[in-house]
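Please consult the sequence and the model shown below alongside the text.

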Amino acid sequence: MIEARHLRVLRAVATTGSFSAAGRELGCTQPAVSQQMKALEASVGTPLLIRSGREMRLTQAGEALVRHAAGILSGLTAAEEEVAAIAGLRAGRVRLVSFPSGSSTLVPTALAALRAEHPGTRVSLEEAEPPRSVELLREGDCDVALAFRYERAAGAEEWHDLVVRPLLTDRLVALVPERHRLARVGTSGSVAIGELAEEPWIAGCPRCRGQLVEVCEGAGFTPRIDFATDDYPAVVGLVGAGLGVAVLPQLAVESVRPRGARAVSLEPAVRREIVALTLPDLAHVPAVAATLDHLTRAAARQRGARRGDVETAAGER
């Protein structure tokens, strides 16, 4: 195997014409240069220099190696500079996958802060719900996955092979028309989901829909689903128009303006854990680590905003 340090010595010897002059140029002794040249010749298995008295000239193999050395060493220098830029967050790329309500709440705050701090780091965003987002991570098609799982849900995903960065706990809330009999309860109080048993329902994404049916059946009834849509603004719009009630994650409600609708806390409480996931090796990549840090800070700000809203609501009462 040819080592870069040996190529640098060979090029210096070829340029200066002697071991002693090469040593002065490289900042080492003449014996050290001689030793390195012997090691290089042993590596390639053929003589590279012809020594005749005080004169020294390259063999044909030596000439070929010197000719290639310039390109090899310049390529290594460029590689070293690029890696140093990535390690120093002057460059780098992160492929992020997120579920929709995370994309509209946590992700913008995190990426804006990341760009301000590390403008050379590029982040791409693709939307996917778990478990698909987690599959993309394991398949190598993304670097960070924003995902969630419901507490005590049957068949909950296992993330034991991944680095898990907890972000926040998201509670399911009921969404009712603003003139509904339960609209005044708000998120500071709570209602039993059974009180909505006779209402027409509007269901969200397939995973949330399954969770809705599971929660309702646990309360002793099967919801009558009149409308189903993956689009959270559409769910809010249908509720606001008085066409039914819905159960959505709080983060989904916070991602839109629920005009004509009111969020109501539910009992029993149903929560989902929101996390950022990456692979163990990727967690040490500076750009990925910075992305995880900024997602964590964005989640902390989201929690702070929620506390502020609760305090405001309490003051208004």
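With which residue does Glu178 form a salt bridge? In this predicted model, the partner of Glu178 is Arg262, and the closest N and O atoms are 3.4 Å apart. Glu178 sits in the loop between β6 and β7, whereas Arg262 belongs to strand β11, so that the pair links distant parts of the chain, 84 residues apart. Glu178 is partly exposed, at a relative accessible area of 41%, and Arg262 is partly exposed at 37%.

The count of salt bridges comes to 17. Three of them are listed here.

| Salt bridge | N to O distance |
|---|---|
| Glu178–Arg262 | 3.4 Å |
| Arg209–Asp230 | 3.5 Å |
| Arg224–Asp226 | 2.8 Å |

Arg209 lies in helix α8 and Asp230 in the loop between β9 and α9; the pair therefore ties together parts 21 residues apart in sequence. Arg224 is partly exposed at 48% relative accessibility, as is Asp226 at 38%. A network of salt bridges links Asp170, Glu254, Arg272 and Arg306.

Strand β6 (residues 163–177) pairs with β10 in the antiparallel sense over four bridges, and Leu175 has Ala246 as its bridge partner in β10. Along β10, Ala246 and Leu248 point one way and Val247 and Pro249 the other, all of them buried.

Helices α2 (residues 19–26) and α3 (residues 30–44) pack at about 105°, their axes 8 Å apart; they are therefore roughly perpendicular to each other. Phe19, Ser20, Ala22 and Gly23 of α2 meet Gln30, Val33, Ser34 and Met37 of α3 in this contact. These residues divide into four nonpolar, four polar and no charged.

Methods: Residues are numbered from 1 along each chain as its sequence is written. This is a predicted model: local features need pLDDT of at least 70, side-chain atom pairs count only at pLDDT 80 or more; totals for chains, interfaces and linings use all residues. Side-chain values use heavy atoms; hydrogens and water are left out. Axes are lines fitted to C-alpha atoms, for helices over the stretch in contact, and angles run from 0 to 180 degrees between N-to-C directions. Helices (H or I, at least four residues) and strands (E, at least two) are DSSP runs, numbered from the N terminus. Angles under 35 degrees count as roughly parallel, over 145 as roughly antiparallel, 65 to 115 as roughly perpendicular and the rest as oblique. Contact means heavy atoms within 4.5 Å. Ala, Val, Leu, Ile, Met, Phe, Trp, Tyr, Cys and Pro count as nonpolar, Asp, Glu, Lys and Arg as charged, and the others, Gly among them, as polar. Buried means under 20% relative accessible area, exposed over 50%, partly exposed in between (1.4 Å probe, protein chains only). Two strands pair if DSSP finds at least two bridges between them. A salt bridge is a side-chain nitrogen of Lys or Arg within 4 Å of a carboxyl oxygen of Asp or Glu.
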